[in-house]
Amino acid sequence: MNRFVLLSALAILPFATPAAADVVQATPAGFEIKQVVTVDTPIAQTWSTLIAPQRWWSKEHTYSDDSANLYLDSQATGCFCERLKGTDRGGGSVEHARIVYIAPGRMIRLSGALGPLQAEAVTGTLTFKLDPEGSNATRVTMTYIVGGYVRAGADTLAPKVDEVLAVQLLGLKSAAESMPAAEPEKKEKKK
């Protein structure tokens, strides 16, 4: 790789990952991932994007290769699921996770083994916590804690899961920031 290409790659690296991404700990029996990103939109706009994964989850990390097939039923026991098409029985679906806690505008916690972890004997807890960063930005803290039995060892999968979740968090940031800002309500003048 020539020096110019290497320097160019290093220059854009800070923009390619969330502000803080980390495999906090990893053992053969489980791991903890924590990532933080600041989204330059108010909490309400960030939240409305978060609960619409079809707008921000990468199609490369779906079973159907189409993010439009994702949906989230945003209430306790609600499903973060995906519709499948083209099977010989007229379609199918995948449950990625199930909501176990939701406080609109503040936090959502899901239970589920994402991606390749679904084939293992694990439990995963995915939490998105939203905090204001001034009046027009939101700090999103995402944690994913996984424990159980992984045939290859959970510690071997932790870096890849961290990388995939970083892509998703950046997708959330990008989708929220590209939404048109909600227009303030106009008050009628009294005559």
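Which helix supplies the largest share of the lining of the largest pocket? In this predicted model, that share comes from helix H3, residues 154-178, which contributes five residues to the lining.

The pocket itself holds about 300 Å³ of space. Its lining is made up of 15 residues, and those nearest the centre are His61, Leu114, Gly115, Pro116 and Val164. Sorted by class, nine of the lining residues are nonpolar, four are polar and two are charged. As for how such a space is found, rolling a probe the size of a water molecule over the atoms shows where empty space is left.

In soluble globular proteins, nonpolar side chains tend to be buried together. Here the largest nonpolar core has 35 residues, and the members that touch the most others are Phe31, Leu110, Leu117, Phe128 and Tyr144. Several elements each supply at least two residues of this core: strand S2 (30-39), helix H2 (43-50), strand S3 (70-72), strand S5 (92-103), strand S6 (107-111), strand S7 (121-132), strand S8 (138-149) and H3. The largest share of the core, eight residues, comes from H3.

Leaving aside neighbours within four places in sequence, Phe31 is in contact with Gln25, Ala26, Leu117, Tyr144, Ile145, Val146, Ala154, Ala158 and Val161. Two of these partners, Leu117 and Tyr144, are themselves named among the core members that touch the most others.

Strand S8 also holds Thr143. Is Thr143 buried or exposed? Thr143 counts as buried because its relative accessibility is 17%, and the cut-off for buried is under 20%. Not counting residues up to four places away in sequence, Thr143 touches Ile33, Lys34, Thr125, Leu126 and Thr127.

The loop between S2 and H2 contains Pro42. Its relative accessibility is 30%, so Pro42 counts as partly exposed. Apart from neighbours within four places in sequence, Pro42 is in contact with Ser135, Asn136, Ala137 and Thr138. The C-alpha atoms of Pro42 and Gly134 are separated by 8.7 Å, although the two residues are 92 residues apart along the chain.

Most residues other than glycine have a negative phi. Asp65, in the loop between H2 and S3, has a positive phi of about 60 degrees although it is not a glycine. Thr77, in the loop between S3 and strand S4 (79-84), likewise has a positive phi, near 70 degrees, and is a residue other than glycine. Are these residues buried or exposed? Asp65 counts as exposed because its relative accessibility is 56%, and Thr77 counts as exposed because its relative accessibility is 56%.

How many disulfides does a search of the whole structure find? The search finds one. Cys79 and Cys81 form this disulfide, with their sulfur atoms 1.4 Å apart. The link of Cys79 and Cys81 is right-handed, with 45 degrees about the S-S bond. Both cysteines, Cys79 and Cys81, are buried.

Technical notes. Residues numbered from 1 in each chain as written. Predicted model: local features only at pLDDT ≥ 70, side-chain atom pairs only at ≥ 80, totals over all residues. Heavy atoms only, no water. 1 Å grid on protein atoms, 1.4 Å probe; cavity = no way out; pocket = protein on both sides within 12 Å on 5 of 7 lines; lining within 4 Å. Points joined across faces, edges and corners; volume = space filled by probe spheres on them. Helix = DSSP H or I, 4+ residues; strand = E, 2+ residues; numbered from the N terminus. Nonpolar A, V, L, I, M, F, W, Y, C, P; charged D, E, K, R; others polar. Disulfide = S-S within 2.5 Å. Buried < 20%, exposed > 50% of the residue type's maximum accessible area, 1.4 Å probe, protein only. Core = buried A, V, L, I, M, F, W, Y, C linked by side-chain atoms within 4.5 Å. Contact = heavy atoms within 4.5 Å.
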